[in-house]
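Open the structure in your viewer and get ready to select residues. This short tour goes stop by stop.

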Amino acid sequence: TAIDTWKQNKIYGNGIKSFRVDCIKFQTHKKNRMCSNHPHNYYLEILTETGILGFLIVSKKIFFSK
């Protein structure tokens with residue numbers, strides 16, 4: 001479900017803590033989806049909420065900080 005919500009807005013994401021709302025929309029359209037408060041994968045959570053731009057910023061902070 002996290003990948004489906006990320007595909008809605010790949011560049012900028014769907015907004016912080018928006019997974020709950022977006023997941024319910026997908027659950028009504030696709031019956032084999034399960035929803036929670038957040039995706040249980042940190043990478044997918046960052047991608048879903050902040051998009052590729054946010055993911056790159058967070059990755060830069062994590063991997064290039066001293």
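Predicted model: local features only at pLDDT ≥ 70, side-chain atom pairs only at ≥ 80, totals over all residues.

A salt bridge is a side-chain nitrogen of Lys or Arg within 4 Å of a carboxyl oxygen of Asp or Glu.

**Stop 1: the salt bridge.** How many salt bridges does a search of the whole structure find? The search finds 1. Select Asp 22 and Lys 25 to see the pair. Their closest N and O atoms are 3.9 Å apart. That counts as a salt bridge because the cut-off is 4 Å.

**Stop 2: the helix around the pair.** Now select residues 19–29, which form helix α2. Both Asp 22 and Lys 25 lie in this helix. They are 3 residues apart, about one turn of the helix.

**Stop 3: the surface.** Is Asp 22 buried or exposed? Asp 22 is buried, with a relative accessible area of 7%.

**Stop 4: the disulfide.** A disulfide is a covalent bond between the sulfur atoms of two cysteines. The structure holds 1 disulfide. Select Cys 23 and Cys 35 to find the link, with an S to S distance of 2.0 Å. Look along the S-S bond: the angle about it is -105 degrees, and the link is left-handed.

**Stop 5: what the link joins.** Cys 23 sits in helix α2, and Cys 35 sits in the loop between α2 and α3 (42–63). The two cysteines are 12 residues apart, and the pair links distant parts of the chain. Cys 23 is buried, at 0% relative accessibility. Cys 35 is partly exposed, at 30%.

Conventions. Residues numbered from 1 in each chain as written. Heavy atoms only, no water. Helix = DSSP H or I, 4+ residues; strand = E, 2+ residues; numbered from the N terminus. Buried < 20%, exposed > 50% of the residue type's maximum accessible area, 1.4 Å probe, protein only. Disulfide = S-S within 2.5 Å.
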